[in-house]
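Have the structure open as you read.

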Amino acid sequence: MEECDLLIHSAPQLITCAGPPGPRRGIAMRDASIITQGALAIRGTAIVAVGPSDELRRRFTARQEIDATGHAVCPGLIDCHTHIVYAGDRITEFEQRCAGATYQEIMAAGGGILHTMRLTRAASTATLVAETLPRLAHMLRLGTTTAEVKTGYGLESDTELRQLAAIEQLTAIQPIELVPTFLAAHAVPPEFHDRADSYVDLVVETMLPLARRWYHSSSFADQAIPLFVDVFCERGAFTVPQSRRVLMAARDLGLPRKAHVDEFNELGGLAMALEVEATSVDHLDVTSTTAFSALAASATIAVLLPLVSINLGTTHFAAARQMIDAGVAVALSTDANPGSAPSLSLPLTMAIACRYLRMLPAEALLATTVNAAYAIGLGGRVGALMPGMQADLLILAANDYRWLMYELGGAPVAQVIKRGQVVWNERIS
Ligand code: NIG
Ligand code: FE
């Protein structure tokens, strides 16, 4: 008999999301690789075996066992695009939007991102950590075991670096693994009003080198977790040439890249992001279908954020169905932030994606596991239940994983296991 630390057995569905290396595309996104009556053996922080329950129970003696009878088991969810480190809220603007003001009108009047910037600049790093901690606790209960987190509410060196420091501190005090993204080019700060090019100079010449220096002495570099650089390429934020400067500077510094493109206006940011070999392009709400073949031919992941459409009250959604059918590697994320997506729920994101983006349940799951992992540079490490991968998984409150998408706004998770440890236990012991 072989030994293991934890054996989870008798799962009516063990959804492994296993497959060949690389993100899933096309019809491969329909196959979540499900083992019925499945089991999984964990040693330390890693998965050592996955297979039929009777086989693994004959093969392993375990220090601890979990009988998952009645509970589907799937990989921990990965939220690959969030803005959760900030101070305060945008409740007043929410009410203005209820009364008819648009997100872009509020942004143009100096609210929106700049409102949160003012509150974030005024907050200490300890306050930022304290305000973010309950958000992460909520995400964990909803099944998120890994999350990307962006800066972008400082828009000046000191606060942007303090946001990075907050992300690093949060990594050490709660179970969700975090991947930092430097988004100093999120909006033009008031000091640079009408001088966006000068702010881009500051980002390129001063802030990016500081972020890179911070990264190399951080715990993220030790663990081979990347630091991404992102830019908001949009009317009222940064133009395509300005966005290109930021991302080319990131490339010159050896930092991987992301871009917010085509959220409201198709400016040409997508082609630019493909040119600089961005790891992901995010939003794509108004991207023309003619752009899909170039995206499909690239290694870049398309991160779709349907909670933004819901929250902004539009009936327009990203063309996920056509993208997947064209061979684009699609991921889904919450975009959790105080303005355009005040929600921390990946199950709700998947539920909306199945209804409005016409994605199948298996596609939605692969979009928040395997493909989301590739969107943040952690493909092959998290996102699937395969021997050698990190033991990050969910024991669901239901016997079928499709409950994750079927239920609207529910709490479908019974237990969360991160790096082989039970870090949340709601319903079963
Ligand atoms: O991804 N689009 C730009 N940034 C965020 C919104 C941030 C905010 O409104 O605070 C987004 O939607
Ligand atoms: Fe965003």
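Let's start at the second largest pocket: 21 residues line it, and those nearest its centre are R90, N337, P338, G339 and P342. Bear in mind throughout that this is a predicted model.

**Second largest pocket**

- Its volume comes to about 280 Å³.
- Two helices, α2 (91–98) and α3, each put at least two residues into the lining of this second largest pocket.
- Of the elements involved, α2 is the top contributor to that lining, giving four residues.
- Sorted by class, the second largest pocket is lined by 11 nonpolar residues, five polar ones and five charged ones.

**Largest pocket**

- The largest pocket has a volume of about 370 Å³, and its lining runs to 17 residues.
- Look for M107, A108, V188, H193 and G236 if you want to find the middle, as these lie nearest the centre of the largest pocket.
- The elements that supply two or more residues to this lining are α3 (103–108) and α4 (113–122).
- Here α3 gives the most, with three residues.

**The cavity**

- How many cavities of 30 Å³ or more are there? The count comes to one.
- The volume of the largest cavity is about 90 Å³.
- By class, that makes four nonpolar, six polar and two charged residues around the largest cavity.

**Ligand 1**

- The shell around ligand 1 holds 15 residues, and the closest are R90, Y103, Y153, D335 and S340.
- In class terms, the shell around ligand 1 has four nonpolar, eight polar and three charged residues.

**Polar contacts and burial**

- An oxygen atom of ligand 1 sits 2.5 Å from an N or O atom in the side chain of Y103.
- For the side chain of Y153, the distance from a ligand 1 oxygen to an N or O atom is 2.6 Å.
- N337 also makes a contact through its side chain, with an N or O atom 3.4 Å from an oxygen of ligand 1.
- Is ligand 1 buried or exposed? On its own ligand 1 exposes 330 Å², and the protein buries 100% of that.

Key: Residues numbered from 1 in each chain as written. Chains lettered and ligands numbered in written order. Predicted model: local features only at pLDDT ≥ 70, side-chain atom pairs only at ≥ 80, totals over all residues. Heavy atoms only, no water. 1 Å grid on protein atoms, 1.4 Å probe; cavity = no way out; pocket = protein on both sides within 12 Å on 5 of 7 lines; lining within 4 Å. Points joined across faces, edges and corners; volume = space filled by probe spheres on them. Nonpolar A, V, L, I, M, F, W, Y, C, P; charged D, E, K, R; others polar. Near = heavy atom within 4 Å. Polar contact = N/O pair within 3.5 Å; in protein donor to acceptor, adjacent residues only side chain to side chain. Areas by Shrake-Rupley, 256 points an atom, 1.4 Å probe, with all protein chains shown as cover.
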